[in-house]
Each structure stands twice: as structure tokens, then as C-alpha cells.
Amino acid sequence: MRVKVLYFASFRDAAGRDEEVRDLPEGSDVAALWRELAAEVPLFARLPRPAPAAVNREHSPATTVLQPGDEVAFLPPVAGG
Amino acid sequence: MYLTTSPIDLAALLREVRASDGALCLFVGVVRNENAGRRTLAIEYEAYGAMAESEMARIADGLSRDFPAVRVRIIHRTGRLEVGEASVAIAAVSPHRADAFAACRAAIDRIKTTVPIWKKEFHPDGTSDWVDPTEGRRS
């Protein structure tokens, strides 16, 4: 199944891309996607735990099972205000 | 709409909330000239736009539950801002000041916790870095 992955701020700099479509096995959860990305992006691999995720623009736990067409973003520490 | 790329117009914000209720509390966050001992020339704010909008709408909904007498208007700017420019403005209007102060404080605290907005500081030596408030350092 395909999901759209978005990268922002320091994560975009680290990944060298701002979005991509990825093909994942059916039933993959957010944690599985993170593990894939951490194998490619050294900054992600260095983090002590998976970054907070948003699925379809909602804060979502790492156990969230992804659906085809989902929009997933891992969020660097937010710094608004 | 909670996000804008234009300078925040405080006079327009005050006209919008029309404080005839008794108390209006206005919080304005401005770009500071230093952070952790380093001078800052400017900050670039970046948002996950659609999610930032829905998170700020959620915060506004939560505030109207927690402070039923208060009306709150939030606006957050993105893009490159110079020192002294307003990055965020919150107007809370209420019959009494205690609720207006509390709602305004709660609004900015919640914004800083859940809304997907990031900022990159630009320094006089030409370097820049993303601010990481969780570790008291930059990532």
C-alpha cells in the first residue's frame, strides 16, 4: 500500500526531501514506517525513540495502523509561539 | 484561519473581537534578539499548514469549553520575521479579567505544546539553526 510521508523543518533538512510516496506492506503501523526511515536517515537513527507522528493531520501513537493513502508526518519538537 | 504570512495587524484583531464585554487580554509574541546567549537577527517560522490550522481550531474549541464566558481569537504568522515583529497574537475577551488572563495564558501554553510550527533562528555570523525547546538546545 502507498502512503504519503511529509518532512518538516530539521527533519526535512536531515532527509533531504519534503515529501515522498512510500510503498509499505499492508498492516504496517507508524512504528514500522519509522524503522524504515531510520535506516535511511542518520538523524532519525540517532533519536532515542521514534519522533511524534501525525496521521492525516492528527497526533497519532506509533501503534497506529496505516491505511492506503494516509498522510504521515513525523514531527520535530514544535517551537511555535 | 489561524495562520497568516502577512504582518499581524493588531488593530484589526482588536476590532474583530470587539471588546464590549468588560475585559480584553492581548498576548503578543515577538521575535527576540537573542536565544541562549546567541544573537538572533531573524526567525523563519514554518508550519505544517493544514494540521496547524486544525490544531489551533482544537485549542480554540477546548478554550471555549474550559472558559465558557471567554471568546478567543488566535493568529500565528509564518515565514521570515525580523526581531521585534509579532509572531503570534491572542485576544481573549470576557466579562471579567480573571478569565481573560487565564484563557490567554492557556492559549499560548497549548499552542507551544501541540501546534506543528517550527522556527529557524538566523545569527549574525551567517549560521542558522532549528530551535528545539524540548532539550534546551537546537537540533
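This is a predicted model: local features need pLDDT of at least 70, side-chain atom pairs count only at pLDDT 80 or more; totals for chains, interfaces and linings use all residues.
Trainee: Which strands make up the open sheet in chain B, and in what order?
Mentor: Four of them, in the order β1-β6-β8-β2 (chain B), with mixed pairing. Strands here are DSSP E runs of at least two residues, helices are H or I runs of at least four, and both are numbered from the N terminus. Two strands pair if DSSP finds at least two bridges between them.

Trainee: How many bridges join β2(B) to β8(B)?
Mentor: Eight, and the two strands run antiparallel. B:A23, for instance, sits opposite B:S94 in β8(B).

Trainee: And which strands does α2(B) touch?
Mentor: α2(B) packs on the sheet against β1 and β6 (71-77) of chain B, and its direction makes about 160° with that of β6(B). α3(B) packs on the sheet too, touching β2, β6 and β8 of chain B, at about 145° to the direction of β8(B). Contact means C-beta atoms, placed from the backbone, within 7 Å. The angles run from 0 to 180 degrees between N-to-C directions, with axes fitted as lines to C-alpha atoms, for helices over the stretch in contact.

Trainee: What about α1 of chain B, buried or in the open?
Mentor: Of the eight residues of α1 (residues 10-17) of chain B, zero are buried, so that helix lies largely in the open. Buried means 20 or more other C-beta atoms within 10 Å of a residue's own, exposed means 12 or fewer, and partly exposed is in between, with C-beta atoms placed from the backbone. Just after α1(B), B:R18 takes a positive phi of about 40°.

Trainee: How much of chain B is buried, then?
Mentor: Buried residues are 33% of its 139.

Trainee: New topic: which residues touch the most other members of the largest nonpolar core?
Mentor: A:V72, B:I90, B:A92, B:A103 and B:A107, out of 52 residues in that core. β8(B) gives the most to this core, with six residues. A nonpolar core is a set of buried Ala, Val, Leu, Ile, Met, Phe, Trp, Tyr and Cys residues joined through C-beta atoms within 7 Å.

Trainee: What does B:A103 touch?
Mentor: Leaving out residues up to four places away in sequence, B:A103 touches B:L63, B:F67, B:V70, B:V72, B:A92 and B:S94.

Trainee: Now the contact between the chains. How many residues does each chain put in?
Mentor: 24 residues from chain B and 15 residues from chain A. On the side of chain B that touches chain A, α3(B) gives the most, with four residues.

Terms used: Residues are numbered from 1 along each chain as its sequence is written. Chains are lettered from A and ligands numbered from 1 in the order in which they are written. Two residues are in contact if their C-beta atoms, placed from the backbone, lie within 7 Å.
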